[in-house]
Amino acid sequence: AYAPRRDPAVEEKPVAQAPSVKAAKARQEAGVHFFEDFSTTPAGKLPANWSSPPNGQGRMVQVETQGDEDRSWAVIKGQSLTAKGLKPLPENFRLTYNVAVPKGFTWGGKRLITAIGKGDRLLAIELRPGADGAGGWLTVSNGGTPSALLNDAVAPFNREQAVPGFSNNLPFNGVTVAVEKSGTSLYVSVNQQPVVVIPEAFKTPAVRLDGLQFKHSRSDSDTEKYYLGDIRIE
């Protein structure tokens, strides 16, 4: 009789450790809605306070130390990573997070999708690197579902925008993404450079997006993975 290689009913129990100085400080700052640098999770473990179903190889998202100062990163390789217990975002918010890819990330590999919200009340930021020093690409979309919140017909929704400086030629290729909602306006920047500016992106300024998820739909090569760190909402 067939038996799965991994029991789908078995869930890994998160193991927590002391937060970094940066995380402890951020959690005490007024106006910080959420902060995560994955410092409370030991390397090789599922991030604490996040959920991640196994990918096709039975692997969940794990934390690794990488880059300058051996910082902690959640490594997403054909999986999704969803924040647990996150309160709805403020009407006006600024979300920032760091994304990196290893050297040789496959040209045309699947995008990292940042889903803010759920269902038809969702904003998706889709990012992928370029190759051989050339810049990458970013798309702002409704996540494939007609939106109850977004003015879908307004350009540049669902159009790839160039992201200079995000490629696959360095040993560790990182950028900082910022997503800001102010009233009905949406601003998306990478390394403090504007990429998408939509003054009437939202149908109404009274929008509360609920939920945060990062996902990567498929990974065919060892280099096709995204490092995620320093997630901050204020």
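Asp-230 is buried, with a relative accessible area of 16%, where buried means under 20% relative accessible area, exposed over 50% and partly exposed in between (1.4 Å probe, protein chains only). Asp-230 lies in strand β15 (residues 226-233), strands being DSSP runs of E with at least two residues, numbered from the N terminus, and it has a positive phi of about 45 degrees although it is not a glycine. This is a predicted model, in which local features need pLDDT of at least 70 and side-chain atom pairs count only at pLDDT 80 or more, while totals for chains, interfaces and linings use all residues. Residues are numbered from 1 along each chain as its sequence is written, and side-chain values use heavy atoms, with hydrogens and water left out.

**Backbone in the loops**
- Asn-191, in the loop between β12 (185-190) and β13, has a positive phi of about 55 degrees without being a glycine, and is partly exposed at a relative accessible area of 37%.
- The peptide bond from Ala-155 to Pro-156 is cis, with omega near 5 degrees, and Pro-156 lies in the loop between β9 (136-141) and β10.

**The sheet**
- An open sheet is formed by 7 strands in the order β2-β5-β14-β7-β8-β9-β10, with antiparallel pairing, where two strands pair if DSSP finds at least two bridges between them.
- Strand β7 (residues 112-118) is joined to strand β14 (residues 212-216) by 5 bridges, and Leu-112 stands opposite His-216 in β14.

**Around Leu-209**
- Leu-209, in the loop between β13 (193-198) and β14, is buried, with a relative accessible area of 1%.
- Beyond its neighbours within four places in sequence, Leu-209 has contacts (heavy atoms within 4.5 Å) that include Phe-93, Ile-116 and Leu-149.

Definitions and conventions
Helices (H or I, at least four residues) and strands (E, at least two) are DSSP runs, numbered from the N terminus.
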